[in-house]
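Subject: Structure handover and findings

Hello,

Please take over the structure below. My findings come after it.

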Amino acid sequence: MELSDRGVIRFNAEQCAKLAFPIGCPVWYNFSGHEGATLKRGIVKSAALRSSQLVYEITYSSDDSEHIITEVVEDKQLGFGATCPVTISSAHSDDSEASLEGEIVMCAQSLSPSNSSKFMYSAMIFLEGSRMRYESGIDGERVKYRALNSAVNVADNNNDQPCQEEPTVVSASAKKQSGPITATTPPSMAGNQCVVPTSIRVGQVDNSVDSSSRKRPRNEEESKVKVESTPRKKNKEYPADLEIKVPLWLQKDRETQRKLFHHLLGRSSSGRLGHNMKRISDESQCKIAVVWDEKPMIIKVFAKNKNNVASRSKLFPELKRARLMIQDLFSGFVGNDGSRGRLVYEISRCCAGSHRPNANKSTSNAVRDINPFHTDRSESYISVVDIPNDFVREGKHHQLHMTLVGSIRDIGCKMNIVADGFTHTTKLCAPYVFVYGVRLQDVDQAVKMVKDNIRQT
């Protein structure tokens, strides 16, 4: 139902542009506060004051799609919609001017009384070049609409008139046409087309629409818009408290990297994207950011309460909790493949913390972590020794096992050879020897024995 003019003060175009949700802004609404609730998605048509309450007219197309529906929604019930261009202010209190550019992925109601905003967001944040990172748990107070750079040619534009511009709504029948889609596109909206379904499940993305329908119209004469391309400013990045570099052997091609990326983000039972990152953030009190570049993929961990502690070492328990939960996600991705031993070691090795002895204390670069080959999640000092390809090709790794397994057990350690013909095999990484024990010095000695045997054989 459209907004009645009785008792209503409508904003003109210039005033609408200064609101939190300007004309053409994609929005979600119909929040109920329950998991799995159905949201509605539309775009802002106009804004007005009604009984001292700021309200917006939101439009979307019906399923049969020849009919455009308009609903009136209070401003407090709106959240930025999927792909909405936004600016995200820094979470660091000492840098209030820093901001990041990005696009919204999902919006959810915040159930925590400590959050200053009613909504929490997940977003893809643009970095330098083609790089971007996914971030969840963003307080709505930090998120502002980002107007796209465009120069608008409008004849006889009168800013004193109430805003009556009609946003572009593409119908379902139009989407099925094989030819170009035609729609009435107002000048101020031609550079920001949106395809709007009637409703959307929380966390689900409508992939039924060809991405070409979201592109700017090519016919500049019809839309009367000339887009001026300007380079995106470089967003400021803060150093992470923990940085996990995903092993290259786990992302050998783009398709595997994409599957890993979506596995790390995870989906809730209702289909909400970013479920894993939110769970880790809540349980570890750390903010997680996944940087998905060509290679390697990097996971950055930021402690939330580091401004309240005097020593960085006091953050280690929180960072360790986040690291172990992320390692579990990786282990779930590789499953029963024998590469899980190397995976845990390499991730643990690249992270700072009390689990990693100083280089002058260990000759084997061992780390103290959960043994992924044990079901009781017991911790040991672990290290990895690569097995040369020709060593395996000639079958010498069998001789290595028979020669050393007893000697290594005598000094209080154990070894697993991960290669064809043994209990643990791998199709994801190169063959290796997994050495573990209770004491660091014993693991150092065992690793030296393995390396000497490989070199002398």
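Here is what was found, from the whole chain down to single residues.

**Ground rules.** This is a predicted model, so local features need pLDDT of at least 70 and side-chain atom pairs count only at pLDDT 80 or more, while totals for chains, interfaces and linings use all residues. Residues are numbered from 1 along each chain as its sequence is written, and side-chain values use heavy atoms, with hydrogens and water left out.

**Overall.** The protein chain has 10 helices and 21 strands. Both are DSSP runs, numbered from the N terminus: helices are H or I with at least four residues, strands are E with at least two. Of the 457 residues, 49% count as buried. Buried means under 20% relative accessible area, exposed means over 50%, and partly exposed lies in between (1.4 Å probe, protein chains only). The chain exposes about 23400 Å². Carbon and sulfur atoms supply 47% of that area. Accessible areas come from the Shrake-Rupley method with a 1.4 Å probe; for residues, only the protein chains shown count as cover. Take the contacts between residues at least 6 apart in sequence: 62% join residues at least 24 apart. A contact means heavy atoms within 4.5 Å.

**Cysteines.** How many disulfides does the whole structure hold? The search finds zero. A disulfide here is a pair of cysteine sulfur atoms within 2.5 Å. For Cys-351, the closest cysteine sulfur is in Cys-350, 4.0 Å away, and so too far for a bond. Cys-351 is buried, at 0% relative accessibility. Cys-286 is buried too, with a relative accessible area of 0%.

**H4 and H5.** Helix H4 (residues 254-265) packs against helix H5 (residues 275-284) at an angle of about 45°, with the axes 5 Å apart. H4 is therefore oblique to H5. Axes are lines fitted to C-alpha atoms, for helices over the stretch in contact, and angles run from 0 to 180 degrees between N-to-C directions. Under 35 degrees counts as roughly parallel, over 145 as roughly antiparallel, 65 to 115 as roughly perpendicular, and the rest as oblique. H4 contributes His-263, Leu-264 and Leu-265 to the contact; H5 contributes His-275, Asn-276 and Met-277. These residues divide into three nonpolar, three polar and no charged. The classes are: Ala, Val, Leu, Ile, Met, Phe, Trp, Tyr, Cys and Pro nonpolar; Asp, Glu, Lys and Arg charged; the others, Gly among them, polar.

Ser-281 is also in H5. Ser-281 is buried, with a relative accessible area of 6%. Leaving aside neighbours within four places in sequence, Ser-281 is in contact with Cys-286, Lys-287 and Lys-304.

**H7.** Is helix H7 (residues 340-349) mostly covered or mostly open? Mostly covered: eight of its 10 residues are buried. They are Arg-340, Gly-341, Arg-342, Leu-343, Val-344, Tyr-345, Ile-347 and Ser-348. What covers them includes strand E15 (242-245), helix H6 (316-334), strand E18 (367-370), strand E19 (379-386) and strand E21 (432-437).

**Strand E20.** Asn-416 sits in strand E20 (residues 413-418). Asn-416 is buried, at a relative accessible area of 16%. Not counting residues up to four places away in sequence, Asn-416 touches Phe-373, His-424, Tyr-432, Val-433, Phe-434 and Tyr-436.

**Loops.** Ala-91 lies between strand E7 (85-89) and strand E8 (99-109). Ala-91 is partly exposed, at 47%. Beyond residues up to four places away in sequence, Ala-91 touches Arg-142 and Lys-287. Ala-91 and Ile-138 are 47 residues apart in sequence, yet 8.7 Å apart in space, C-alpha to C-alpha.

Leu-248 is in the loop between E15 and H4. Leu-248 counts as exposed, at 52% relative accessibility. Leu-248 and Pro-296 are 48 residues apart in sequence and 6.2 Å apart in space, C-alpha to C-alpha.

**Positive phi.** Most residues other than glycine have a negative phi. Asn-30 has a positive value, near 75°. Asn-30 is in the loop between strand E2 (26-29) and strand E3 (38-50), and is partly exposed at 42%. Thr-83 has a positive phi near 65°. Thr-83 is in the loop between strand E6 (79-80) and E7, and is partly exposed at 34%.

Best wishes
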